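Look at the sequence and the model first.

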Amino acid sequence: MKPVVLVVEDETSLMTMLRYNLEKEGYRVTEAGDGEEAITVAAETPPDAVILDWMLPRMSGVEVCRQLRRRPETRNVPIIMLTARSEEADKVRGLNVGADDYMTKPFSMVELLARVRALLRRAKPSQAKGQLSFSDIVMDLDAHRVSRGGKYVHLGPTEFRLLQYLMERPGTVFSREELLNGVWGPDIYVEPRTVDVHIRRLRKALNETESMDVIRTVRAAGYALDATNDQAA
Ligand code: CA
C-alpha cells in the first residue's frame, strides 16, 4: 500500500510539479484546490501526510489545519505548511494550529520530499498504539487500561477516549466544541453540556486514587489536562 499524500494548493503549476515528484517517490497523491475541498478529500481518503498551502481560496491553510486536527481520522496526520511569508510570527501561528513542519516558498523540492519522508517515518510509531503518560497517569492503549499512581482506574469508553484525547496534547485548552469533534466525531450531534458530564465522570474516576486534580477547567473556554489546580471547578 502506497502512502497517500494530500496536496492542498491553488497554484496549478505548483500542484502539477508536486504531484509529479511525489508520485515519482512512490506516493499516491490526492489533491484539493481550496480549503473546503481539502476537508472533503481528507474525509473521503484519509491521507498519511498533508502538504498544505497557507494562502488558499475559501478557507485559509490555518483553518484547514485546525479542522483536520479536530477530526479523529486526521487528528495525528503529519502536516507541512507551505507559505510565501517568512515572518517568524506566522511560523509560530502555523505550528500552533497543529502543523508539524513549515516551508517558505520558493522551496527546494528535494528538501520538501526529505521532510515528507521524515514526517511519515515519525508518524509510524504513533499509529501503532502503545502507552501515553502524563504526571502519574499511564494509559495502556493496547490493553485499554488506565492507572494512576500505580492503581487501576476504571473508565467508561467515552471517558477513556476523552482522556486519550487530552493526554495526546497535555496543556492544550480544548473548547467543548473541539472535544465533541475530536472525541465524538464531527458528524455526531451531541449537546455541548454532554462534555461537562463526561469530564465530571473522568475527573471523579481519576481523583478516587489521588487528590491532585489534573483536569483544568478554563472558564468560558473549555478543558485542559494540566498539572495545576488553578481555576479548577
Ligand atoms: Ca496559494
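Q: Which residues coordinate the calcium ion?
A: This is a predicted model, where local features need pLDDT of at least 70, side-chain atom pairs count only at pLDDT 80 or more, and totals for chains, interfaces and linings use all residues. Residues are numbered from 1 along each chain as its sequence is written, and side-chain values use heavy atoms, without hydrogens and water. Donors are N, O and S atoms within 2.8 Å of the metal (3.2 Å for Na, K and Ca), and sites may look incomplete since water is not among the atoms. At 2.1 to 2.3 Å, the calcium ion is coordinated by Asp10 (OD), Asp53 (OD) and Met55 (O).

Q: How many residues apart in sequence are the parts that Asp10 and Asp53 tie together?
A: The calcium donors follow the spacing D-x42-D-x1-M. Asp10 lies in the loop between β1 (4–8) and α1 (12–24), and Asp53 in strand β3 (residues 49–53), so the pair ties together parts that lie apart in sequence by 43 residues.

Q: Is Asp53 buried or exposed?
A: Buried means under 20% relative accessible area, exposed over 50%, and partly exposed in between (1.4 Å probe, protein chains only). Asp10, at 36%, is partly exposed. Asp53 has 3% relative accessibility, so Asp53 counts as buried.

Q: Which residues of α7 does α6 meet?
A: Contact means heavy atoms within 4.5 Å. From α6, Thr158, Arg161, Leu162, Tyr165 and Leu166 take part. In α7 they meet Glu178, Leu179, Gly182, Val183 and Trp184.

Technical notes:
Helices (H or I, at least four residues) and strands (E, at least two) are DSSP runs, numbered from the N terminus.
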